[in-house]
Amino acid sequence: MLPLNQNLQNLFDIAQKPAKIGIGLMSGTSLDGLDIALCKFTGNGLQTRFALLQFITIPYPNSFKKEVQQVFARKTVDLGKLTLLNAYIGNYHGELVLQALAKWDIEPETVDFIASHGQTIYHAPQRLHKQPGYPNATLQIGDGDHLAVKTGILTISDFRQKHIAAGGEGAPLALYGDVLLGGKPGENRILLNIGGIANLTYLPADGDTSKVLCTDIGPGNTLIDAACREFFNKTYDEDSNIANSGTVSKALLAALLDHPFFAEQAPKTTGPELFNLTLVEHVQATSGTEDISKADLVSTLSAFTATAIIDFIKTNINAPELKVFVSGGGARNPFVMERLKQQFDDIKDTGSLGIDPDAKEAILFALLGNEALSGEPVAIGSNPAVLMGKFSFPV
Ligand SMILES: Nc1ncnc2c1ncn2[C@@H]1O[C@H](COP(=O)(O)OP(=O)(O)OP(=O)(O)O)[C@@H](O)[C@H]1O
Ligand SMILES: CC(=O)N[C@H]1[C@@H]2OC[C@@H](O2)[C@@H](O)[C@@H]1O[C@H](C)C(=O)O
């Protein structure tokens, strides 16, 4: 038998390690920064055990956000810019990983793999694009080869394409992490992530995976952030100061909740391609609420996020003694959280499960990387049973 080349030999060796050190990277739709989670894994599948060794969010400078916003969730873009950004982001994320490792005093050689989500640029499930003959589609940029070469670490990336190839919408991938790490026999649990978009996983007390539901719900922070950027020159509504200074417009809230997306059957996915300020302007025009103040608008958009979540859970999840565990930046939005607390008796953040609420999505990608290396496809209801991610070698 011929010897394996160096890349394949290293891959083989890493895959066989009983304990692996992996870095999960998430750059979400909020474009606030790169989440970097250094994790240790033993086992795989339902036997996975993990420890979060280090976590940091490295904020993006405004100049970078502006660059990405030129192509983000836009139907028409400068293809030259998109091409440059694909390479730039891969390399930049590699630099940020090296910075984080230096800060933690950890040698890159001690890390077995990086699992990188990349930056979603456009998410186009059929329900959005409605073009006959075209499949569900999604695009994440920040090429894994650049990360691997920059850091010298085996990199696994572009996780969503396999999910689509196997019949999914490419999201939410939280399903796989939540089922492996978040369930507890005897407890009806909801793991709710309020990022740019809000999504949840319902894990039933009896462990019956055919009843597990994982879906996007609607906007999380994306509309609140967009209104703050547009009208207040702020990146987000810190501590809900703006929302609390305004009044919710009942007419606008009802009109927003009337959007057909909410009547569509779950599981379903969405993004800022649908939930954006153009949609809000349109709904304001049709509901005669164009003249409300900008603070009232932020209040109403915050109420929209909370009410869409509450309505979804009340309509779709009929289970007693629900325990709701929240993660994502929205867990720090008091206006949204207050409304959720009024409806659910048992609601806490995922920290009470030992999962840092800010790190949860970065941990998810590290976990998906661990599965890609040494797991087996896990069947959860009718969800695609696949191992996801593409391998990039440092040399
Ligand atoms: N103190 C706070 N008050 C209000 N909102 C906050 C606060 N801290 C964070 N947020 C919200 O959280 C957002 C960041 O959330 P997060 O990092 O979960 O987004 P993301 O990872 O980009 O999302 P996604 O899950 O959609 O990919 C901010 O843009 C802001 O809207
Ligand atoms: C296409 C895409 O990037 N979707 C994100 C986004 O952010 C939240 C929600 O929309 C979720 O569906 C998904 O990310 C998480 C990590 C997921 O796949 O579970």
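Trainee: Where is the place of Pro-172?

Mentor: Pro-172 sits in the loop between α6 (160-165) and α7 (174-181). Helices (H or I, at least four residues) and strands (E, at least two) are DSSP runs, numbered from the N terminus. The peptide bond from Ala-171 to Pro-172 is cis, with omega near -15°. A cis bond also leads from Ala-266 to Pro-267, with omega near 0°; Pro-267 is found in the loop between α10 (250-257) and α11 (277-286).

Trainee: On what basis are such details reported?

Mentor: This is a predicted model, in which local features need pLDDT of at least 70 and side-chain atom pairs count only at pLDDT 80 or more, while totals for chains, interfaces and linings use all residues. Residues are numbered from 1 along each chain as its sequence is written, chains are lettered from A and ligands are numbered from 1, in the order in which they are written.

Trainee: How many helices and strands does the protein chain have, and what is its radius of gyration?

Mentor: The protein chain has 14 helices and 12 strands. The radius of gyration is taken over C-alpha atoms, and the globule rule is 2.2 Å times the number of residues to the power 0.38. With 395 residues, a compact globule would have a value near 21 Å, and the protein chain agrees because its own value is 21 Å. Along its principal axes the C-alpha trace spans about 75 × 50 × 45 Å.

Trainee: Which percentage of the residues of the protein chain count as buried?

Mentor: A residue is buried if 20 or more other C-beta atoms lie within 10 Å of its own, exposed if 12 or fewer, and partly exposed in between, with C-beta atoms placed from the backbone. Of the 395 residues, 48% count as buried. For contacts, two residues qualify if their C-beta atoms, placed from the backbone, lie within 7 Å. Among contacts with a separation of 6 or more, residues 24 or more positions apart account for 72%.

Trainee: Into which domains is the protein chain divided?

Mentor: Domain bounds come from an automatic or database domain assignment. Here they give domain 1 (6-173 + 359-392) and domain 2 (184-353). The contact between them takes 18 residues from domain 1 and 25 residues from domain 2. On the domain 1 side, the elements giving two or more residues are β4 (113-124), α4 (126-129) and α14 (360-374), and β4 gives the most, with 4 residues. The centres of the two domains, taken over C-alpha atoms, are separated by 25 Å.

Trainee: Which residues come nearest to ligand 1?

Mentor: A residue is near a molecule or strand if its C-beta atom, placed from the backbone, lies within 6 Å of it. Of the 24 residues around ligand 1, Gly-28, Ser-30, Gly-195, Gly-196 and Gly-329 come nearest. For the class count, Ala, Val, Leu, Ile, Met, Phe, Trp, Tyr, Cys and Pro are nonpolar, Asp, Glu, Lys and Arg are charged, and the others, Gly among them, are polar. The shell around ligand 1 has 4 nonpolar, 13 polar and 7 charged residues. Domain 1 and domain 2 each supply at least three residues to this shell.

Trainee: How many residues surround ligand 2?

Mentor: Ligand 2 is surrounded by 19 residues, the closest being Thr-120, Ala-171, Pro-172, Ala-174 and Ile-197. The elements that give two or more residues to this shell are β4, β8 (197-203) and α14. By class, the shell around ligand 2 has 6 nonpolar, 11 polar and 2 charged residues. Each of domain 1 and domain 2 contributes at least three residues to the shell around ligand 2.

Trainee: In which sense do β1 and β2 pair?

Mentor: Two strands pair if DSSP finds at least two bridges between them. β1 and β2 pair in the antiparallel sense over 8 bridges, and the bridge partner of Leu-25 in β2 is Ile-36. β1 and β4 run parallel, joined by 5 bridges; in β4, Ile-114 is the bridge partner of Ile-23. β1 is mostly covered, with 7 of its 9 residues buried.

Trainee: Why does Leu-31 count as buried?

Mentor: Leu-31 counts as buried because it has 20 C-beta neighbours inside 10 Å. Leu-31 lies in the loop between β1 (19-27) and β2 (33-42), and these strands form a hairpin with 5 residues between them. Phi of Leu-31 is near 55°, a positive value in a residue other than glycine. Asp-158, in the loop between β6 (155-157) and α6, has a positive phi near 55°. With 20 C-beta neighbours inside 10 Å, Asp-158 counts as buried.
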